[in-house]
Amino acid sequence: MSLTRRQFLAAAAGVGGAALTGGVLADQVWPLLGREDLVPGRTPELVLPRQAWTTTPDRLTFAAVGDTGTGGRQAVAVATRMAQGYEENPYGLVTHLGDICYYGRIENRFEDVFLRPYGPLIEAGVDVELAIGNHDGEVYFSDARLDEIETELRLLGTPARYYRTSHGPVDFFYLDSSTPGLFGPGATDQVDWLDDALATSTSQWKVVCLHHPPYSSGRHGSTPGAEEKLVPVLERHAVDLVLAGHDHNYERTVPLDGITYVVSGGGAKLTPVRPSRITAAAASVLQYLHVEVDGDRLTARCIRPDGGLVDRFTLRAREGR
Amino acid sequence: MSTRFRPARAVREGAAALYGLAALAVVVAPALIIGSTATGGGVAPSWQALDLLAVSAVLGLGYGVVCFRRLRRQSTETRSRPNAWIAAAHALVALALLSSLLLAVVLHELGSLQAPLAGQEWTLLALWGGVQLVAIVAAEAVERGVFRWLVRPERRAQAAPPDGAATVGDRDQRRT
């Protein structure tokens, strides 16, 4: 069978188009559909008992989650599981590890990304404390980005860009790791502040929360400069736990000089994680961290939206605390 | 009715059926990817989560059947067979690209409308189905456009008189 000139041209264009389309789909579009969380999620309909948690000087239960800002089905699935986790074991605090809003500005999307998914927890009176993420103002500042962050802090009632709170036996230290050069040679204000704040902390447990992980085996990896600038301060003051997001997965390191580093960034999206030599547990899953502190014992469980347990670990308080 | 087995015809019909299945597959691909990502990430499978897949499956199945029947019919005509398959291949490429790309773009651009979309489930399903229908219509337009372009020389030749025969214009000129 011989082809006419037109048939030959059309067939060649078809083969070229198929190859190009296959490449675009396999490299860009299908991974994007899998990686992002674009389909709107149904509003959770749980009604939770108000302020059902118990916090005492030696007991605290809290949840840690990051990178939740899609408002999509996966984000709502995680938020719904967090609400169900509250039903089973109530907590009064969510430490949000940054990136509360994707795909637009927080003023326009606050209901979509926060009030609607987390409605049951907000109605129950749960407090949310935020560590600012790069999508909460992007890495490079402009007046518009600063406005964005200020708006976010106002909406959440967060006191400052970096701050300290105390709940029961735990002191939390929130950093704004989106600040340009936080881990670079120039900007030391925040690290100096952390140094002073940790030095004056007398609580049994010290937990540092920030968006960019000092150590990570995920897609973004360990944050450059953090090991040199931040980690020595954390080690000097014997911090117990560092919670971070940014990489959309779960990872827990083995204790590094007594400090356990956790990435809990599976609040809505997924990216792969490849365990490294410092990894104790890792999974590319949607998840949040449910943490119970009881005296000198801290127990954390990483929970998937279907209720499955990804990881469980226990820390003991440092000697002398 | 002849009961004799015709291998060439069976191959042609099998190929048309495979094409129909391919059309179905590229239409349901986005819903499958989104569903499998969520399930793999730890979201419990549920009937409710299959809504997008159901919409895509209905559209993809309908279009797949249309493609199968058309290709089966066109494949019986020896002269138009290559044209039909080349046009169908172009349509499949367009369908594969648009059914996924349009959804990604539209869902991303409508990020600020999530609350109303999530509040009324049918609006989300209508949006999803509507976007995929646009992709199917575009693929159909590509198929018809390419097919017409390919058969145009044949049709011109058919419209022209046989060699040596006088055209209407020639006859008119002779009359004058």
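**Close-up views of a two-chain model**

**View 1. The surroundings of Thr68(A).** Not counting residues up to four places away in sequence, Thr68(A) touches Ala75(A), His96(A), Gly98(A), Asp99(A), Ile100(A), Tyr102(A), Tyr118(A), Gly267(A) and Ala268(A). The structure shown here and in the other views is a predicted model. Thr68(A) is placed in the loop between E1 and H2 of chain A. With a relative accessible area of 1%, Thr68(A) is buried, since burial requires a value under 20%. Tyr102(A), one of the residues touched by Thr68(A), is also the subject of the next view.

**View 2. A charge over the ring of Tyr102(A).** Lys269(A) places its charged end over the ring of Tyr102(A). The distance from this charged end to the ring centre is 3.8 Å.

**View 3. The aromatic pair of Trp53(A) and Tyr86(A).** A pair of aromatic rings is described by the distance of the centres and the angle of the planes. Over all chains, the count comes to 11 aromatic pairs. In the pair formed by Trp53(A) and Tyr86(A), the ring centres are 6.3 Å apart and the planes stand at 75°, so the arrangement is edge-to-face; the cut-off for this class is an angle over 60 degrees. Trp53(A) belongs to the loop between helix H1 (5-35) and strand E1 (59-65) of chain A, whereas Tyr86(A) belongs to helix H2 (residues 73-88) of chain A, so the pair ties together parts that are 33 residues apart in sequence. Trp53(A) counts as partly exposed, at 22% relative accessibility, while Tyr86(A) is buried, with a relative accessible area of 0%.

**View 4. The aromatic pair of Phe110(A) and Phe114(A).** The rings of Phe110(A) and Phe114(A) form a stacked pair, with 5.2 Å from centre to centre and 25° between the planes. Helix H3 (residues 106-115) of chain A holds both Phe110(A) and Phe114(A), which are 4 residues apart, about one turn of the helix. Phe110(A) and Phe114(A) are both buried.

**View 5. A cluster of aromatic rings in chain A.** Phe62(A), Tyr163(A), Phe172(A) and Tyr174(A) are linked into a cluster by ring pairs.

**View 6. The interface between chain B and chain A.** Contacts between the chains involve 40 residues of chain B and 43 residues of chain A. About 3400 Å² of area is buried between chain B and chain A, and carbon and sulfur atoms give 68% of this area. The count of residue pairs in polar contact between the two chains, with both residues at pLDDT 80 or more, is 9. On the side of chain B that touches chain A, the elements giving two or more residues are helix H1 (7-40), helix H2 (51-75), helix H3 (81-109), helix H4 (114-119) and helix H5 (121-159) of chain B. The largest share of this side, 12 residues, comes from H3(B).

**View 7. A salt bridge across the interface.** Between chain B and chain A the count is 2 salt bridges. In one of them, the side chains of Asp51(B) and Arg42(A) meet at 3.1 Å, N to O.

**View 8. The helices of chain B.** The secondary structure of chain B consists of 6 helices and 0 strands, and along the sequence the pattern reads α-α-α-α-α-α. Chain B has 176 residues, of which 39% count as buried. Among the contacts in chain B with a separation of 6 or more, 82% are accounted for by residues 24 or more positions apart.

How values were computed: Residues are numbered from 1 along each chain as its sequence is written. Chains are lettered from A and ligands numbered from 1 in the order in which they are written. This is a predicted model: local features need pLDDT of at least 70, side-chain atom pairs count only at pLDDT 80 or more; totals for chains, interfaces and linings use all residues. Side-chain values use heavy atoms; hydrogens and water are left out. Rings of Phe, Tyr and Trp (its six-membered ring) pair if their centres lie within 6.5 Å; planes under 30 degrees apart count as stacked, over 60 as edge-to-face and the rest as tilted. Buried means under 20% relative accessible area, exposed over 50%, partly exposed in between (1.4 Å probe, protein chains only). A charge sits over a ring if NZ of Lys or CZ of Arg is within 6 Å of the ring centre and within 35 degrees of the ring normal. Contact means heavy atoms within 4.5 Å. Buried area is the accessible area (1.4 Å probe) that two parts lose on being put together, summed over both. A salt bridge is a side-chain nitrogen of Lys or Arg within 4 Å of a carboxyl oxygen of Asp or Glu. A polar contact is a pair of N or O atoms within 3.5 Å; within protein, one must be able to donate a hydrogen and the other to accept it, and residues adjacent in sequence count only if both atoms are side-chain atoms.
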